[in-house]
Amino acid sequence: MYLEILFWIFVTLLLLFLSTLFIVGIFLLIKGIQRKMVDLLCLGIGFTVIPIGFVGNFILNIESGYLFQEIFITIGFILAVIFTNLTFHKNRKSPAKLILIVVIVLAIIQLIFHGMMAIERNPLIYYLKVSFDLPYNFLVFNWMAWSFYSAYKIVKSQDIEPWIKVRYRLISILSFIMSFHGIPEFFQPYDILWGSPSNIISVLVFGTTAVLAVIFSVGFFFAWIMPNWLKKYLNRNYQTVKDSEYTEEELMNLIRKQLAERGNNGNN
């Protein structure tokens, strides 16, 4: 009974993760279309398709549903890397292209393993999948974390509203935290479906993953769709200077320019 209650608590957290991620995705899609920013469009599509994959997995309710889910997660992860590259590494010296290639290769490997597991689940295939999934997650989210942190180091010295600085710092922290969400998979019994309410270890693995995902999605929600009361609180000691106000595009251009200058000077 207690195990089932715990399971449904974690299901609620997973639904919270999916709903907030979808809302942020739609927000970024609209923002990207309005401002004609391809990078925001990529992240918006990426955040939108991941919940679609989970919902599709639930509707299918068969083993192949995990392959269906993984396809959409793969699209979301690759688009997240493309967003990072376009936003922070366009026209500058960085390993951006190499990282994208490695992520795509790891994503293909994950799809192959999921396809094999749809046919037969065995410990070798499962732990190989998990072993490749770990660097896959680390690379996607730590690349985003490092890029946002590099941008934060630039904006924190600029005369820019504090809530914008908080956005960059928050996303860097959240992305770093999310990079560890593949670790609990090592403790999942290979012969039991993820999140099975009949197995306490599976429920705990499911719960740990759900908690990390919720922290990430809710944090991203506040980073991108920050309510006015929070903006005002963060800006409480800030004196607005009219000439220092930046649009989203101007801020991105400022960050790219300074990142490029640092890269050319070998100060990255």
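Thr-84 touches His-89, Trp-143, Met-144 and Ser-147, leaving aside its neighbours within four places in sequence; contact means heavy atoms within 4.5 Å. Thr-84 sits in helix H3. Thr-84 is buried, with a relative accessible area of 0%. Buried means under 20% relative accessible area, exposed over 50%, and partly exposed in between (1.4 Å probe, protein chains only).

This is a predicted model: local features need pLDDT of at least 70, side-chain atom pairs count only at pLDDT 80 or more, and totals for chains, interfaces and linings use all residues. Residues are numbered from 1 along each chain as its sequence is written, and side-chain values use heavy atoms, with hydrogens and water left out.

**Overall build**

- The protein has 9 helices and 0 strands. Helices (H or I, at least four residues) and strands (E, at least two) are DSSP runs, numbered from the N terminus.
- From the N terminus on, the elements run α-α-α-α-α-α-α-α-α.
- Along the principal axes, the C-alpha atoms fill a box of roughly 60 × 40 × 30 Å.
- Of the 268 residues, 50% count as buried.
- Among contacts with a separation of 6 or more, 73% come from residues 24 or more positions apart.

**Helices H5 and H6**

- Helix H5 (residues 123-155) and H6 pack at an angle of about 160 degrees, with axes 8 Å apart. Axes are lines fitted to C-alpha atoms, for helices over the stretch in contact, and angles run from 0 to 180 degrees between N-to-C directions.
- That angle makes H5 roughly antiparallel to H6. Angles under 35 degrees count as roughly parallel, over 145 as roughly antiparallel, 65 to 115 as roughly perpendicular and the rest as oblique.
- H5 and H6 cross in a left-handed way. A crossing is left-handed if the near helix is turned anticlockwise from the far one by less than a right angle, and right-handed if clockwise.
- H5 contributes residues including Phe-141, Met-144, Phe-148 and Tyr-152 to this contact, while H6 contributes residues including Tyr-168, Ile-171, Ser-175 and Met-178.
- By class, the contact of H5 with H6 has 12 nonpolar, 3 polar and 2 charged residues. Ala, Val, Leu, Ile, Met, Phe, Trp, Tyr, Cys and Pro count as nonpolar, Asp, Glu, Lys and Arg as charged, and the others, Gly among them, as polar.

**Helices H6 and H7**

- Helix H6 (residues 162-178) packs with helix H7 (residues 200-224) at about 165 degrees, their axes 9 Å apart.
- H6 is therefore roughly antiparallel to H7.
- The crossing of H6 past H7 is left-handed.
- Among the residues in contact are Arg-167, Leu-170, Ile-171 and Leu-174 of H6, and Leu-212, Phe-216, Phe-220 and Trp-224 of H7.
- This contact of H6 with H7 has 12 nonpolar, 2 polar and 1 charged residues.

**Two partly exposed residues**

- Leu-67 lies in helix H3 (residues 65-88). Leu-67 is partly exposed, with a relative accessible area of 26%.
- Leaving aside neighbours within four places in sequence, Leu-67 is in contact with Leu-111, His-114 and Gly-115.
- Leu-67 and Trp-194 are 127 residues apart in sequence and 13 Å apart in space, C-alpha to C-alpha.
- Val-102 belongs to helix H4 (residues 96-119). Val-102 is partly exposed too, at a relative accessible area of 32%.
- Val-102 and Ile-71 are 31 residues apart along the chain, and their C-alpha atoms are separated by 17 Å.
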